[in-house]
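Hello,

Here is the structure I promised to pass on. Please open it first, then read my notes below.

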Amino acid sequence: MTRIKLYNTRSRQIEEIIPENPDGILRIYCCGPTVYNYAHIGNFRTFLLQDVLRRLLIATGYSVKFVRNLTDVDDKTIRGAQKENISLQNFTEKWTHIFHRDCEELNILDADVEPKAAGHIGEQIAMIETLIRKKHAYIAPDGSVYFRLSSFPSYGKLSRIDLGKLTTQSENSSGQANLADEYDRDSVQDFALWKAYKPEDGDVFWKSPWGKGRPGWHIECSAMSVKYLGETIDIHGGGIDLCFPHHENEIAQTECATGNPFVRHWFHSEHLQVEGQKMSKSLGNLFTLADLKNRGYAPETVRYALISGHYRQILNFTLSGLDAAQSALNKLKIKIKNLHKNSEFTGNEDEIFSSKNITYRHFNGAIEALENDLNIPKCLGEIFSVLNGDATGGELFLEELYFLCFILGIEKFIFSKNRDRESVEIPEDIAELAARRWEAKRNKNFAESDRLRQSLSEKGWNVVDHREAYDLYQQ
Ligand code: AMP
Ligand code: ZN
């Protein structure tokens, strides 16, 4: 089995990924979306990078159990349901469905388990009871329960936060502090495990030993991670914003409840910016997958663009970057199609999932880049440099490429099985002309796109446009 190396936020070092459990199964937990609206492309950058990591682990011979939760009870979901005057469950089911549809279009593999916070209230209450019993938590006069930060001296080691400067804790997934009830806490640094019922919660509450209320945001991940993966997990993932306070709080709750180390390896991905700025609705630069599809971009283009930067660096998303991603993907597809022509090769996912671990001879540079701290940009560069050389194809060559495309999650697009079209070789100058025409058309430069279509036709090629892509046919 290949050993994958990955930066660990906890140690600040690149470390080998080795499953701890004797059953050899690598246990991964990733914080999932809050299902109250469309996930934006920043969220998807994080989910896609986690997906590539998971695919890399699978394709290099690890067995993986992957859990990603759904946050379906918090201030944002409760407010959203009230606004639409529907039950919390109906509201979050609607957004969960949309999230799943986006994931499918972006070719993100389904999680092995996708637990919902509202479906695990009992587990969360049980963990809070343990924390109270062990004196790591206390009940406030209003019936809320708080974690006692001073009872866990190693608090803050993951993010290396200066506790002296920590004044209060954000209490929900939108990062807002709950200043109103600060006087109920022993220390303002303590964070909520259970929130006593307030009239603005409407019909959203559960019974608990401390009265009616709902869980705080952080406890859901601790309770569901322990339930589905055990007390110690191998990898925990999330966007860098979750490092503090969410992940610090997850560590504190879980380790105090179980007495065991919670996470061996922390995998945080940097944020996405749009045109050099933080994404926000008010700046009008917050894109969803649906927005980009409306502008004519295919989901695989969005996927390619979002994974193409190194996960530990901020990615600056631009529409011109998306155009470049589209050209790169088309180039890759045509190059592979042309190689494919001489081969019987059809990609086979079963081989990957049966842990067939291939030896890379042609693309060892590309796979090594991924094995060494998930360097996707370097991997893409290596793939193109081999394809731009005098690549001749052949079974093994294509098998390696298929595995790499699977890891990047573009295998369905690149190895699509249209026999008629596969049997025709597309010369590179034709492919280039066609790509320029498509770009001109998308930029609404119709005179130029017509001119290029004419030029293709004179060379014996017809173009057929679809909503998000085009095909080339020889006359
Ligand atoms: P949320 O739905 O807000 O709980 O976020 C879901 C995931 O998206 C978390 O792992 C966040 O850290 C991540 N995330 C939020 N904003 C961004 C962004 N601009 N770029 C990358 N990841 C993000
Ligand atoms: Zn979490």
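Of the 475 residues in the chain, 56% count as buried. Bear in mind that this is a predicted model.

**Overall build**

The chain has 17 helices and 15 strands. Its C-alpha atoms fill a box of roughly 80 × 50 × 35 Å along the principal axes.

**Surface and charge**

The chain carries 58 positive and 67 negative charges. Their mean positions are 2 Å apart.

**Salt bridges**

Side chains of opposite charge can pair when their charged atoms come close. How many salt bridges does the structure hold? The count is 18. Three of them are described here, one by one.

*Glu411 and Arg55.* These side chains meet at 3.4 Å, N to O. Glu411 sits in helix H14 (residues 411–414) and Arg55 in helix H1 (residues 41–59), so the bridge ties together parts that are 356 residues apart in sequence. The cut-off for buried is under 20%.

*Lys94 and Glu84.* This salt bridge has an N to O distance of 3.0 Å. Lys94 belongs to helix H3 (residues 88–105) and Glu84 to helix H2 (residues 75–84), so the pair ties together parts that are 10 residues apart in sequence. Lys94 is partly exposed, at 33% relative accessible area. Glu84 is partly exposed as well, at 39%.

*Glu428 and Lys335.* Here the side chains meet at 2.8 Å, N to O. The pair links distant parts of the chain, 93 residues apart: Glu428 is in helix H16 (residues 428–442) and Lys335 in helix H9 (residues 319–340). What about cover? Glu428 is partly exposed, with a relative accessible area of 48%. Lys335 counts as buried, at 10% relative accessibility.

There is also a network. Salt bridges with shared partners join Asp51, Arg55, Arg303 and Glu411. Arg55 and Glu411 are the pair described above, with 3.4 Å from N to O.

**Ser269**

One more residue to look at. Ser269 is found in strand S10 (residues 263–269). Its relative accessibility is 1%, so Ser269 counts as buried. Which residues does Ser269 contact, leaving aside its neighbours within four places in sequence? They are Thr46, Leu49, Gly238, Gly239, Ile240 and Tyr311. Two of these, Thr46 and Leu49, fall within the residue range of helix H1 (residues 41–59).

Best wishes

Technical notes. Residues are numbered from 1 along each chain as its sequence is written. Chains are lettered from A and ligands numbered from 1 in the order in which they are written. This is a predicted model: local features need pLDDT of at least 70, side-chain atom pairs count only at pLDDT 80 or more; totals for chains, interfaces and linings use all residues. Side-chain values use heavy atoms; hydrogens and water are left out. Helices (H or I, at least four residues) and strands (E, at least two) are DSSP runs, numbered from the N terminus. Buried means under 20% relative accessible area, exposed over 50%, partly exposed in between (1.4 Å probe, protein chains only). Lys and Arg count as positive and Asp and Glu as negative; His and the chain ends are not counted. The place of a charge is taken as NZ of Lys, CZ of Arg, CG of Asp or CD of Glu. A salt bridge is a side-chain nitrogen of Lys or Arg within 4 Å of a carboxyl oxygen of Asp or Glu. Contact means heavy atoms within 4.5 Å.
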